[in-house]
Amino acid sequence: MDKVEKKSGAMGVLLRLRDLWRSNPLFSTGIALIVMVIVQTVALSMNTSFSSMGEWFQNWLQNWISLLRGNAGIGIIALGMTFVIISGGIDLSVGSVYVTVGAFIMVLLNTGESGWLAGMGLGGVPAILLGLVLALALGSLLGEGNGLLISYGRMPPFIATLGSMQILRSVTQYFMKTQKTELPEAYKSIARLSIGGQQLMPIIYWAVLAAAMYIISKKTTFGRYVFAIGSNERTTRLSGVNVRKVKRRVYALTGFLVGVAAIIQTSRIGSMDYASAGSGFEMDAIASVIVGGTSMSGGRGSVVGTVFGTLIVAVMNNLLNLIGVDPYLSAAFKGAIIIGAVLLQRKEKN
Amino acid sequence: MKLEMRGIYKSFGANDVLKNIDFAVSGGEICALLGENGAGKSTLMNILGGVLPADSGGISLDGQPVSFRTPAESLNAGIGFIHQELNLVNDLAIFENMFIGRELKTKSGLLDSKTMCGRCREVFRRMDVDLDPRTMVRDLDASYKQIVEIARALLMDASIIIMDEPTTSLTDPEIDRVFDMMRTLQAQGVAMVFISHKLKEVMAVCTRYTVLRDGAMVASGQVEDTNVDELARHMVGHEVRTESLRQERELGPEVLRAENLSQDRYFSDVSFSVRAGEVLGFTGLLGDGRSELFQAVFGSGGKYHGQLYLEGQPVAVHGTPQAVALGIGYVPRDRKENGIIKDLDILENGSIVTWPKQSRLGFLDWNQVREDFRRQADGLKIKMGGEKEAIGSLSGGNQQKVVLAKWLNAGPKVLIFDNPTQGVDVGAKEDIYDTILALAKEGVAVVVLSSEAQEIIRLCDRALVLYHGRVQGELSGEEITDQEIMRLATGGSVQNEGVQQNG
């Protein structure tokens with residue numbers, strides 16, 4: 001810091017920027033996002049023909065809406081993953097919880113003969129509401145199961161969630177192999193309700209949940225305990241905090257958010273491929289969190305950073321698409337972005 | 001082989017740690033190096049072991065002047081240094097540990113474990129111990145680990161072996177085993193330096209002694225010409241100021257009582273009681289079990305046997321949240337590991353205990369948090385830039401005060417301080433003492449655990465001295481002196497009319 005005060009003029013500004021870059025991960029992530037958006041905008045303009053500024057803007061906006069909508073699910077899951085990673089853990093089971101909750105919704109709300117709620121004579125809006133509550137409850141419960149294994153079973157989070165990841169997907173596929181399902185029309189409007197001719201609901205859910213998670217992370221005892229546990233679990237326990245309960249709630253909250261993502265997906269697409277849906281979500285969510293500047297070793301991170309991180313990964317995928325990079329190579333770019341982001345954020349050793 | 005160190009001086013900054021020390025040991029001798037914490041024992045041995053350079057003075061081996069710039073040079077000259085924390089890899093076999101860094105290889109470049117094991121067996125035969133070199137170090141008890149360390153030194157042809165408090169983590173039979181080993185080597189002409197606090201052990205195994213105090217050599221001679229009391233007096237000295245802060249206080253009813261608390265390895269059959277407004281001290285040497293005892297009382301130390309009573313009601317504490325709810329507070333030792341949370345700011349570190357009280361429906365009332373913290377920060381005279389700054393920006397003393405602040409806000413009935421002034425400067429130390437005494441005056445039952453005798457003498461109305469997890473004796477008021485504490489802590493019994501706890 002002393003160095004900054006000695007220098008003046010342009011050099012001083014540069015040094016100050018460098019310090020800001022190093023001290024605040026949000027700053028570097030934000031810059032990276034802005035750069036990505038600019039490059040994406042340029043690429044978009046070169047790839048599409050337009051006759052007027054208005055048409056160009058329409059085109060640009062449409063691209064953004066579909067980008068945000070397409071990434072709302074992973075964005076919501078990444079919010080939960082942020083808390084998990086800040087608490088010093090990891091959750092590999094999010095993709096499997098996602099497919100399990102999705103399958104559960106299908107079974108509950110199926111309008112055909114095998115639909116559970118329809119079979120009990122429930123239909124219409126009450127059935128849908130009950131279905132939503134049960135789906136979210138299942139997501140939370142599966143997350144709670146991870147939390148119990150980790151806190152009371154004293155298992156490393158990696159191992160516990162690796163196990164539940166395998167179990168949940170396999171069991172879901174087994175039970176769903178013969179199911180043919182059709183969802184009620186009203187259910188589909190959860191994600192497809194159109195506002196001003198645009199399907200914005202998934203984006204709105206994402207924004208609202210991000211805001212809620214931001215507030216939880218900053219203003220509640222639970223949120224601050226999560227940071228404290230990730231930074232120094234022992235001290236936190238010695239301060240009289242019920243560390244096990246907090247950890248359980250972190251995983252349950254993540255399960256809940258995965259449930260929301262599953263609802264959005266089933267309502268938007270109307271179906272789910274039990275073999276592949278949600279596979280790789282854990283890695284995408286972890287990547288978004290890490291690119292967003294959250295420390296893998298816990299204690300440091302932010303919800304805003306994760307939203308930025310999700311957008312960076314999303315914009316990059318969009319960009320590769322726009323400039324026509326071979327799809328086989330897109331994962332390589334994703335990997336490079338993760339490595340690059342962490343290299344940029346690393347702090348200089350004192 | 002005769003080793004001599006002459007006129008050794010060493011200072012760290014303005015702090016003179018060693019002042020004109022002469023030290024010598026010859027083959028066939030076991031020389032005790034005694035002194036309190038900070039007396040300079042470790043510094044002296046680190047100079048001999050090539051870890052630190054001396055400012056002036058010389059070392060000679062059999063009359064030849066030598067100097068060691070690195071531990072390797074010292075080792076090559078035949079000096080083996082066995083540190084207090086053993087340097088063994090649990091997941092490797094004994095022979096792999098003994099040859100680590102200098103493994104023997106076959107012509108084809110593979111490890112020659114046959115030859116290595118053979119060499120290990122030779123050393124074990126010489127030491128007269130029965131160990132299989134292929135045993136995993138993990139499966140050895142603490143005494144055999146110590147023996148493997150000694151064997152490694154011998155394997156490297158060490159003729160002088162320095163042992164830094166080798167018995168702290170050993171049980172009595174294990175200690176005997178190590179002592180037998182030392183006597184065997186002594187008979188073979190190996191010279192040994194035995195660094196210890198435990199005077200009974202010194203009397204049992206050593207032939208000569210040297211006592212350091214505040215960096216100066218205060219006594220040396222033959223062990224057969226001295227006794228435990230004399231050695232304790234040498235270690236503590238007479239000029240130490242014992243300005244007691246003890247006050248006349250009205251003692252209230254009993255707050256916390258423990259009956260026959262035991263936990264397998266750490267403490268056994270400990271009973272005590274502390275009243276409102278009383279400062280009760282617990283002291284002893286490393287490995288006395290006092291920290292583990294109070295971690296158990298605070299619900300963070302695993303299962304224990306025995307019964308706790310809080311304000312006369314029997315309680316079983318299962319976890320720290322419950323302990324806090326019951327009104328028990330614990331300021332832990334090792335601030336960095338147990339006291340501060342480095343990614344949270346000063347305000348959060350100084351308030352985390354009371355968050356449940358300072359929030360509504362889970363939402364923190366930051367104004368309330370800030371107000372409560374500021375009140376404590378003023379009382380404790382915490383020096384800080386701003387309360388939103390990183391906890392790491394504070395000095396050790398101020399960090400410790402922040403840790404205190406979070407507990408003061410909680411208003412506990414019993415507050416346990418474990419080494420409360422560890423790594424704290426003199427000024428902050430006095431502030432912390434004032435805080436502790438003010439708490440007692442307000443009617444809090446205070447327990448102070450400390451390895452510093454002075455701290456116990458100055459603060460406590462009553463003190464229990466632990467030895468290997470048992471109450472060795474109780475001292476109260478004027479009876480609490482350096483000499484008494486040292487004698488009890490080294491395993492002696494109460495001389496005055498103190499309450500005999502252990503028979």
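Reader: What makes the residues of strand 7 of chain B count as buried, and which way do they point?

Author: B:Ile160, B:Ile162 and B:Asp164 point one way from strand 7 of chain B, B:Ile161 and B:Met163 point the other way, and all are buried, a residue being buried if 20 or more other C-beta atoms, placed from the backbone, lie within 10 Å of its own, exposed if 12 or fewer do, and partly exposed in between. Strand 7, residues 160-164 of chain B, is mostly covered, with five of its five residues buried. In a regular strand the side chains alternate between the two faces of the sheet. This is a predicted model, in which local features need pLDDT of at least 70 and side-chain atom pairs count only at pLDDT 80 or more, while totals for chains, interfaces and linings use all residues. Residues are numbered from 1 along each chain as its sequence is written, and chains are lettered from A and ligands numbered from 1 in the order in which they are written.

Reader: How do you know that strand 7 of chain B pairs with strand 8 of chain B?

Author: Two strands pair if DSSP finds at least two bridges between them, and five bridges join strand 7 of chain B to strand 8 (residues 191-195) of chain B, therefore they pair, running parallel. B:Asp164 stands opposite B:Ile195 in strand 8 of chain B. Strand 6 (residues 79-82) of chain B is joined to strand 7 of chain B by four bridges, also in the parallel sense, and B:Ile82 stands opposite B:Met163.

Reader: Why are strand 2 and strand 5 of chain B called edge strands?

Author: In chain B an open sheet of four strands has the order 2-1-4-5, with antiparallel pairing. Strand 2 (15-26) and strand 5 (64-66) of chain B are its edge strands, as each pairs on one side only, and the twist averages 25° from one strand to the next. Strand 4 (residues 56-61) of chain B pairs with strand 5 of chain B over three bridges in the antiparallel sense, with B:Gln64 as the bridge partner of B:Leu61.

Reader: What is the angle between helix 7 and helix 13 of chain A, and how is it defined?

Author: Helix 7 (residues 124-151) and helix 13 (residues 243-269) of chain A pack at an angle of about 145°, with their axes 7 Å apart; axes are lines fitted to C-alpha atoms, for helices over the stretch in contact, and angles run from 0 to 180 degrees between N-to-C directions. Helices (H or I, at least four residues) and strands (E, at least two) are DSSP runs, numbered from the N terminus.

Reader: What makes residues of chain A and chain B part of the contact?

Author: Two residues are in contact if their C-beta atoms, placed from the backbone, lie within 7 Å, and the contact takes 20 residues from chain A and 25 residues from chain B. On the side of chain A that touches chain B, helix 11 (221-231) and helix 12 (233-238) of chain A are the elements that give two or more residues, and helix 11 of chain A gives the most, with six residues.

Reader: How do you know that the radius of gyration of chain B agrees with a compact globule?

Author: The radius is taken over C-alpha atoms, and the globule rule is 2.2 Å times the number of residues to the power 0.38. With 503 residues a compact globule would have a radius of gyration near 23 Å, and chain B has 25 Å, which agrees.
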